[in-house]
Amino acid sequence: MATSVRATSGGSPPPTSLRSTLYRLDLKAVPYVFVAPFFLTFAAFGLFPLIYTGWLSLHRVELGGSAQWKGLENYSSLATSEFFWNALGNTFTIGVISTVPQLLMALGLAHLLNYRLRGRGFFRVAVLAPYATSIAAATLVFAQLFNTDYGLINTALGWAGFEPVAWESSKWPAQIAISAIVTWRWTGYNALIYLAAMQAVPQDLYEAAALDGASRLRQFLSVTIPSIRPTILFTVIVSTIGATQLFGEPMLYGGSVGISGGSGNQFQTLSLLMYEKGWVTGALGQASAIAWVMLLLLLLIGGLQALITRTHHQRKNKKPGS
């Protein structure tokens, strides 16, 4: 007994067994093994295409041809291209007239669904049905509704005494029609996100506001909206990204001239212009430059929104008199 105590209390530590070595290796290495598939997939299908697209944007590349170094020539040509500025303006206007009404209606729907209504579960599923509908099916239906010659919208306008609207060949009517498709598909999705955030608001806040004499509208404006502001910011960011990448709705709505955004490019977005440059004209370098411009725009918008959020939190947490 004395010998064993002396051996363990002094001198060199006992040799590490194989079991303890495997245990430490398992404890340290296995977590990396579990997360490795994600990083490998991201590197193969996310990081590499991003870097390769940036490399292509600095070259003149034709389909099936070799790459020739051009530096920033593709970007400078975009700065002087009327097609690029037209697509950028169309992307902005379609994004605004589809995102703003969409989020406002989603807030209203979520506020109504937050009440104890009969068949509340049915209505929650029903508002999500447009999101489950494919882009092709929804766009084809709306294209028939907004058809200039026999569409239901122009028929109703005729009954009301108005002249038919050229929903396909005119700029603003075409953009409104495309925005209607986007709004119809995504309003219910955002409404459910808002509903989940509203249900997390403590009921004590509503009870206190009711004791102070606040109406339902005042409670919505003064309690609900401030409580779900982070969720609103999240939907604004996601909707902005979706509007910047808008592709399927305008292409399918335009039919045979959908890739060019109509006969006069009246609703051509940046995504459509990128597709046309890359796969119709074969200018992969210019298409890659447009893709990187879209990425930089998204980063700029995200940075501005993060700055606004940080400024709001600083003002909110600022102590009076400090």
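Tutor: Axes are lines fitted to C-alpha atoms, for helices over the stretch in contact, and angles run from 0 to 180 degrees between N-to-C directions. The model is predicted: local features need pLDDT of at least 70, side-chain atom pairs count only at pLDDT 80 or more, and totals for chains, interfaces and linings use all residues. Residues are numbered from 1 along each chain as its sequence is written, and side-chain values use heavy atoms, with hydrogens and water left out.

Student: Why is H9 called roughly antiparallel to H10?

Tutor: Helix H9 (residues 203-211) packs against helix H10 (residues 216-227) at about 160°, the axes being 10 Å apart. Angles over 145 degrees count as roughly antiparallel, so H9 is roughly antiparallel to H10.

Student: Which residues of H9 and H10 meet?

Tutor: From H9, Leu205, Tyr206, Ala209 and Ala210 meet Gln219, Val223, Thr224 and Ser227 of H10. Five of the residues in this contact are nonpolar, three are polar and none is charged.

Student: What makes Thr235 buried?

Tutor: Thr235, in helix H11 (residues 229-244), has a relative accessible area of 1%. Buried means under 20% relative accessible area (1.4 Å probe, protein chains only), and therefore Thr235 is buried. Leaving aside neighbours within four places in sequence, Thr235 is in contact (heavy atoms within 4.5 Å) with Leu103, Asn190, Ile193 and Tyr194.

Student: Why does Trp167 count as buried?

Tutor: Trp167 is in the loop between helix H7 (152-159) and helix H8 (171-198). Its relative accessibility is 10%, so Trp167 counts as buried. Beyond its neighbours within four places in sequence, Trp167 is in contact with residues including Phe146, Ile153, Pro173 and Tyr253.

Key. Helices (H or I, at least four residues) and strands (E, at least two) are DSSP runs, numbered from the N terminus. Angles under 35 degrees count as roughly parallel, over 145 as roughly antiparallel, 65 to 115 as roughly perpendicular and the rest as oblique. Ala, Val, Leu, Ile, Met, Phe, Trp, Tyr, Cys and Pro count as nonpolar, Asp, Glu, Lys and Arg as charged, and the others, Gly among them, as polar. Buried means under 20% relative accessible area, exposed over 50%, partly exposed in between (1.4 Å probe, protein chains only).
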